[in-house]
Amino acid sequence: MTPTITAFERSPDRGRGLARDMRVRWALEEVGQPYEVRLVSFSEMKEPAHRRLHPFGQIPTYEEGDLVLFESGAIVFHIAERHAGLLPDNANARARAITWMFAALNTVEPPIVDLGTAALLERDKTWYAERLPVLQDRVRERLDQLSNRLGDADWLDEAFSAGDLLMVTVLRRLNASGTLEAYPNLSAYVARGEARPAYKRAFDAQLAVFTGASTR
Ligand SMILES: N[C@@H](CCC(=O)N[C@@H](CS)C(=O)NCC(=O)O)C(=O)O
């Protein structure tokens, strides 16, 4: 059965692939699963029909027959469990890959989102100048730790996995800030992810929505 995901009708990132449907598209492309996309406007996301799919009125969602999922991490995990290619067969390696999925979303993404949110929504606050270096330090602390662990490896735990897929999408949120430039191994890691053919197909598909070239 072909799953349907939701994505922004008009992404605020102007097609830079930062919206979280990108993770789901990339996972589907990695495993070779075709998918449909239903585009939603900001107001539609807050309507009851969409909230029945996503209680928090956000994208992405995932529908496959009777199954409805929300939360990009849960959706990527579901895809990785149902198809070969995103999680190792060996039980311990699989558990470690899943650990990296959680690390990407629970440990690395929060300080990056906090920094992005402050820059976007809190610039005019009197306390912004004081808070900014604190948020930047929290991001750098995580990047230092991640960079030390990755070292000169290609991926976080030997073969590419759903953990890398999520981590790369999380780190890409820093692209515009230039923060990653201080971490050559993390920059190269993100570039390796972006060079994967499945990533490129997913990126092009979400960009086509923004440029108006999308047929779905
Ligand atoms: N933790 C959720 C976050 C979902 C999320 O923040 N989605 C954003 C787009 S990337 C959204 O829909 N923002 C619009 C809104 O919250 O009103 C996930 O990973 O799926």
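# Close-up views of a predicted model

View 1. Thr 61 counts as buried because its relative accessibility is 0%; buried means under 20% relative accessible area, exposed over 50%, and partly exposed in between, with a 1.4 Å probe and protein chains only. This is a predicted model, in which local features need pLDDT of at least 70, side-chain atom pairs count only at pLDDT 80 or more, and totals for chains, interfaces and linings use all residues. Residues are numbered from 1 along each chain as its sequence is written, and side-chain values use heavy atoms, with hydrogens and water left out. Thr 61 sits in strand β3 (residues 61–64). Helices (H or I, at least four residues) and strands (E, at least two) are DSSP runs, numbered from the N terminus. The C-alpha atoms of Thr 61 and Thr 6 are 5.3 Å apart, although 55 residues separate them along the chain.

View 2. Glu 36 belongs to strand β2 (residues 36–40). Its relative accessible area is 41%, so Glu 36 is partly exposed.

View 3. Residues around the ligand include Phe 8, Arg 20, Arg 23, Phe 42, Met 45, Gln 58 and Glu 71; a residue is near a molecule if one of its heavy atoms lies within 4 Å of it. Lys 46 places a polar side-chain atom 2.6 Å from a ligand oxygen atom. Ser 72 also has a polar side-chain atom 2.6 Å from an oxygen atom of the ligand. Ile 59 uses its backbone: a polar atom there is 2.8 Å from a ligand nitrogen atom. On its own, the ligand has 510 Å² of accessible area, and the protein covers 78% of it. Accessible areas come from the Shrake-Rupley method with a 1.4 Å probe; for residues, only the protein chains shown count as cover.

**View 4. A cis peptide bond at Pro 60.** Ile 59 and Pro 60 are joined by a cis peptide bond, with omega about 5°. Pro 60 lies in the loop between α3 (48–51) and β3. Both Ile 59 and Pro 60 are among the residues around the ligand.

**View 5. The largest pocket.** About 1400 Å³ of space lies in this pocket. On a 1 Å grid over the protein atoms alone, a pocket is an open set of points with protein on both sides within 12 Å along at least five of seven lines, a cavity is a set where a 1.4 Å probe fits but cannot get out, and lining residues have an atom within 4 Å of a point. Grid points are joined across faces, edges and corners, and a volume is the space filled by probe spheres set on the points. The lining of the largest pocket has 42 residues; Leu 18, Arg 20, Glu 109, Val 113 and Arg 173 lie nearest the centre. Elements giving two or more residues to this lining are α2 (42–45), α4 (72–82) and α5 (91–121). The largest share, 14 residues, comes from α5. By class, the lining holds 22 nonpolar, 12 polar and 8 charged residues.

**View 6. The largest cavity.** The whole structure has 2 cavities of 30 Å³ or more. About 70 Å³ of space lies in the largest. Its lining includes Phe 8, Ser 11, Asp 21, Arg 25, Gln 206 and Phe 210. Helix α9 gives the most to this lining, with 3 residues.

**View 7. The second largest cavity.** This cavity holds about 30 Å³ of space. Among its lining residues are Gly 17, Leu 18, Met 22, Thr 169 and Arg 173.

View 8. Gly 32 follows α1, with a positive phi near 75°. Ser 11 lies in the loop between β1 and α1. Ser 11 counts as buried because its relative accessibility is 13%. The side chains of Ser 11 and Asp 13 make a polar contact of 2.8 Å; a polar contact is a pair of N or O atoms within 3.5 Å, and within protein one must be able to donate a hydrogen and the other to accept it, while residues adjacent in sequence count only if both atoms are side-chain atoms.

How values were computed
Ala, Val, Leu, Ile, Met, Phe, Trp, Tyr, Cys and Pro count as nonpolar, Asp, Glu, Lys and Arg as charged, and the others, Gly among them, as polar.
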